[in-house]
Amino acid sequence: MCDETNMRRRILTIDGGGIKGVFPASFLANIEKQIKGPVSNYFDLVVGTSTGGILALGLGLGFSGNELLQFYKNYGERIFAGNKSPFKKLFAFFYSKFNQTELRNALEETFGDKKLGDSKTRLVIPSLNLTTGEVYIHKTAHHERFTVDYKNRAVDVALSTSAAPTYFPAHLLPSGSPLIDGGVWANNPIGIAVAEAIGILKWPADSLEILSLGCTSSPIQKRKLSAGKGYWALRVSDLFLRAQASGSQGIAAVLTSHQQICRIEEVVAPGRFELDSHESISDLEGLGESSARKNLVSIKKFFDVPADHFEPYYKLKL
């Protein structure tokens, strides 16, 4: 039997990014072609935000990378078709860009009545509670304190973590809590993944190996140092996301080491892919395939032997 203190613990994290989730989905689908099995079999913990949260849920519930890629290809255009209400189009400044109906329908058709507790691996999916302003993190029952979340429907978890402000309305849980996209504070969730591993699961920091998948990034364009509200109104959210991602990556590296983190994120031209650019699905799929081919050798260590079986503290009643 392995000594618990020396056991490798592999973590997969997936960023938020709307339709750009096609990139990590394609990446994982192409890795699975090489390892000839589900990638989820090789990770002890999977953490995802927004579109990455949907992918994390899918992996935990047993979907293959290719099945998740097909989710985006089958439903992406419908989800991001725009707000068709003439009234809401006229007053677009005051309403979310898309309604939640198509996303909900797609998730219902894909996940059905599965619950977070049906996951075969540990999951952490962040969101934010609009009533309290506090972070709200959905977790499987991988600790004795986690007695509630595992009973939640996967569809509710997915809608909560992906309710991006201005794009989708807040999602109301059955309890009445209004939740929005975890990307407002953890778009790159690698920091909370490492904190969960060390602080909650008590895994030794030097036992961790982290594969972190982004949804593409672009160089920061020239900024006006003394610009006012008009200039920053359309740019500040991008800056916040970049700062959070950098901070999250830095925290993870301090708690572990740079050598223990493998970050996969292709750099593309500014404006090349937007969160709702469903017309770019095929290009994102191709980029994911190319990146998987390029990085296969460097990430082979994650897929040498399957992870240990996950046994939750609490199970769903049949």
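User: How much accessible surface does the protein chain have, and what share belongs to carbon and sulfur atoms?

Analyst: This is a predicted model. The accessible surface of the chain comes to about 15500 Å². Carbon and sulfur atoms hold 55% of that.

User: What makes a residue count as buried, and how many of the residues qualify?

Analyst: Buried means under 20% relative accessible area. Of the 318 residues in the chain, 51% are buried. The chain has 11 helices and eight strands. Among its contacts with a separation of 6 or more, 78% join residues 24 or more positions apart.

User: What makes a group of residues a nonpolar core, and which members touch the most others?

Analyst: The members must be buried, come from a set of residue types such as Leu, Ile and Phe, and be joined through side-chain atoms within 4.5 Å. The largest such core has 56 residues. I31, L57, L107, F111, L211, I299 and F303 touch the most other members. Helix 1 (residues 22–35) supplies the largest share, eight residues. I31 touches V39, A292, L296, I299 and F303, leaving aside residues up to four places away in sequence. Another core of 17 residues lies apart from this one, and its members include V47, W203, A253 and I261.

User: How do you know that strand 1 and strand 2 pair, and in which sense?

Analyst: At least two bridges are needed for a pair. Strand 1 (residues 9–14) and strand 2 have four, in the parallel sense. I11 stands opposite L45 in strand 2. The chain crosses from strand 1 through helix 1 to strand 2.

User: Why is that crossover called right-handed?

Analyst: Picture the strands pointing away from you: a right-handed crossover runs clockwise from the first strand over the helix to the second. This β-α-β crossover is right-handed, so its path runs clockwise in that view.

User: What else pairs with strand 2, and which way do its side chains point?

Analyst: Strand 2 is joined to strand 3 by three bridges, and the two run parallel. L45 has R122 as its bridge partner in strand 3. From strand 2 (residues 45–48), L45 and V47 point one way, while V46 and G48 point the other way. All four are buried.

User: What makes strand 6 a partner of both strand 3 and strand 5?

Analyst: The test is at least two bridges. Strand 3 (residues 122–129) and strand 6 (residues 178–181) have three, and pair in the antiparallel sense. L172 stands opposite P178. The hairpin of strand 5 and strand 6 has five residues between the strands, and G176 takes a positive phi near 100° there.

User: Where is the kink in helix 11, and what do its buried residues pack against?

Analyst: Helix 11 (residues 281–299) has a kink of about 35°, centred on R293. Its buried residues include I281, L284, G288, A292 and I299. They pack against helix 1, helix 3 (65–79), strand 7 (208–213) and strand 8 (261–264).

Conventions:
Residues are numbered from 1 along each chain as its sequence is written. This is a predicted model: local features need pLDDT of at least 70, side-chain atom pairs count only at pLDDT 80 or more; totals for chains, interfaces and linings use all residues. Side-chain values use heavy atoms; hydrogens and water are left out. Buried means under 20% relative accessible area, exposed over 50%, partly exposed in between (1.4 Å probe, protein chains only). Contact means heavy atoms within 4.5 Å. Accessible areas come from the Shrake-Rupley method with a 1.4 Å probe; for residues, only the protein chains shown count as cover. The bend at a residue is the angle between axes fitted to the seven residues ending there and the seven starting there.
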